[in-house]
Amino acid sequence: MKHKKRQILSAVLAATMTLGCITACVPQKTSNSTPETQTSSSESKSDKDTTLMNSSGMPIVNETVTYEMAAKSRHNKNFAELEFFQRLEEATGVHIEWNMSSEDGWKEKKGLLFAGELPDAFYGQGILSDVDVIKYGSQGMLIPLNDLIEEYAPNVKKLLDENPEYKKQLTAPDGNIYSLPSLTELSPVTHDKLFINKTWLDKLGMDVPETLDEFKETLAAFRDNDLNGDGRTEDQIPFTFLYNRKENGLYSLFGSFGQLDRGAQVDKNDHFIVKDGNVLYTPLTEPYKEAIQYFHELYQEQLIDKEGFTHDFNVYTAKIKAPEKNVGAFLGWSLTSTAGPNKDDFVPMAPLKGPDGKQIWNTYTSAINSKGSFAITKEAEHPEILMRWIDTHFDPETSLQIDQGLLGRTLEKAEDGTYHYLPVPDGKSFTEMIHDYSPGVNSLGAVTMEIASKLELNANLQERKELDEFYKPYNVPAEEVFPSVYFSMDEVQQISALETDIKAYVDQCYANWIVNGGIETEWEDYLKKLEQMHVQDYISIYQTAYERYQTME
């Protein structure tokens, strides 16, 4: 709060908003809220300070206060223009001056903010990385939220009390919570799915392949036959993927060799899994080696997209959605999002059976999209006001509207308490309708099953649910998934010193072996070089963090 205050709206206007203007997007003003005396950092304070904030109900403050908040948007919207925040200010009396950034420019701007004048808070999904949270929390630039949650955030407190695993994931090694998350239990636990062109299979009179060998034979048939009817075969792509991205990468296909590989998040490999309580780094293991050998065979026989290691997400999806219809199989989040107009040509495939006949697939057990989605800095006066303000986001109905769009815009609430989607106007997409009025994916909150179970699923969410059910029999057990842990600052520094060279070498060998082969003759030297890079120290850091996480309450 940059010492900026202005008179709050008149009592008449406040009452009018309470009765009519404010929808369920934000909590309603109550008639029995009583002022709460605040503790000031100064030895003396004015009468205004003692009655600045109400302990419950709306408005939060009895005199409008202003906070500066840093935020970023994928949709290039200034949050000040959004109906959601306009309603929220009317209800709470808290005015936000938004320091906005584009997604592309955020990394540089974030560094400048931490090196210069801090805002009062950082806001929005992924606004801070895990390393940011620990680094700046340990330096005192971000304040601990534990006591503020306990006293001023009933919605957040309820979420963490009812979901101890979420609390563990948000707790730093020093026992403090420095940031709040964005999470949705509407998200599938299976992120990557394997799809195959059923239209092509039908033309060939072939069944959906079930084994590694059958998959290879099917891709060869896709390569050799003019299945899109353009009079040639050289433009057809039997199988495509997107390197280094968990929704579209090869990670789950490693399961056919008895052990999954793992992508930690978008555009990041970490390769860590858990077996019998021990942390494993998959690039050191035989199943990893066997999978690479198989992928090289596919590449060598021109069954894999030669651009799999170089194209970006937009090019990747454009290929699958193209009117030429020249893709035979791919990995993606869903048919609707990845294949678009060509989705009816494809069907999901079960994990391929390997030599031992087992079928396993990656599971992402946490509903948390980002742990660093809201943090209060040391600059904020009366941080309890900000905590009450952000707690409104975790009201179940408000969280739903942030995620799926405002009531009256994309949603309507029936008399029985269920939620239904409104028709999307011509010329608009559902995503546009959400983000024209709400921060959507650029925000935070918690869409738990408490509220999600009342939502009539749209076609996209219904597809996610059905795909989750399809892969459910094959999901790897949760105890074999490396959890979303926070590392200490000392561990972060150790990882940073080791990871750059290890990751670069592993990634280089991974791509080279699939494209050019040679893993059989180079494997032992590869392992020796990783030992020289202190890979065991690297693994030990993850093992320590895992064991610490397991003992958290």
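**Reading the model**

Me: Which residues line the largest cavity?
Reply: Its lining consists of Q259, L260, R262, I273, V274, K275, I360, N362, V476, E480 and V481. A cavity is a set of points, on a 1 Å grid over the protein atoms alone, where a 1.4 Å probe fits but cannot get out, and lining residues have an atom within 4 Å of a point. The model is a predicted one, in which local features need pLDDT of at least 70 and side-chain atom pairs pLDDT 80 or more, whereas totals for chains, interfaces and linings use all residues. Residues are numbered from 1 along each chain as its sequence is written, and side-chain values use heavy atoms, without hydrogens and water.

Me: What volume does the largest cavity have, and how is its lining divided by class?
Reply: A volume is the space filled by probe spheres set on the points, which are joined across faces, edges and corners. For the largest cavity this gives about 80 Å³. The lining comprises 6 nonpolar, 2 polar and 3 charged residues (Ala, Val, Leu, Ile, Met, Phe, Trp, Tyr, Cys and Pro are nonpolar; Asp, Glu, Lys and Arg are charged; the others, Gly among them, are polar). Cavities of 30 Å³ or more number 4.

Me: How many residues lie between strand 11 and strand 12 in their hairpin?
Reply: Strands (E, at least two residues) and helices (H or I, at least four) are DSSP runs numbered from the N terminus, and two strands pair if DSSP finds at least two bridges between them. Strand 11 (272-275) and strand 12 (278-281) form a hairpin with 2 residues between them. Their pairing is antiparallel over 4 bridges, and I273, which also lines the largest cavity, has L280 as its bridge partner in strand 12.

Me: Why is the pair of F254 and Y510 called stacked?
Reply: Rings of Phe, Tyr and Trp (its six-membered ring) pair if their centres lie within 6.5 Å; planes under 30 degrees apart count as stacked, over 60 as edge-to-face and the rest as tilted. The centres of F254 and Y510 are 6.4 Å apart and their planes stand at 15 degrees, so the pair is stacked. F254 is in the loop between helix 10 (212-224) and strand 9 (263-265), and Y510 is in helix 19 (residues 489-516), 256 residues apart. The whole structure has 43 aromatic pairs.

Me: Where is Y474, and which residues does Y474 contact?
Reply: Y474 is in the loop between helix 18 and helix 19. Beyond its neighbours within four places in sequence, Y474 is in contact (heavy atoms within 4.5 Å) with A350, P351, Q359, I360 and W361. I360 also belongs to the lining of the largest cavity. From C-alpha to C-alpha, Y474 and G255 are 9.8 Å apart in space, although 219 residues apart in sequence.

Technical notes: 1 Å grid on protein atoms, 1.4 Å probe; cavity = no way out; pocket = protein on both sides within 12 Å on 5 of 7 lines; lining within 4 Å.
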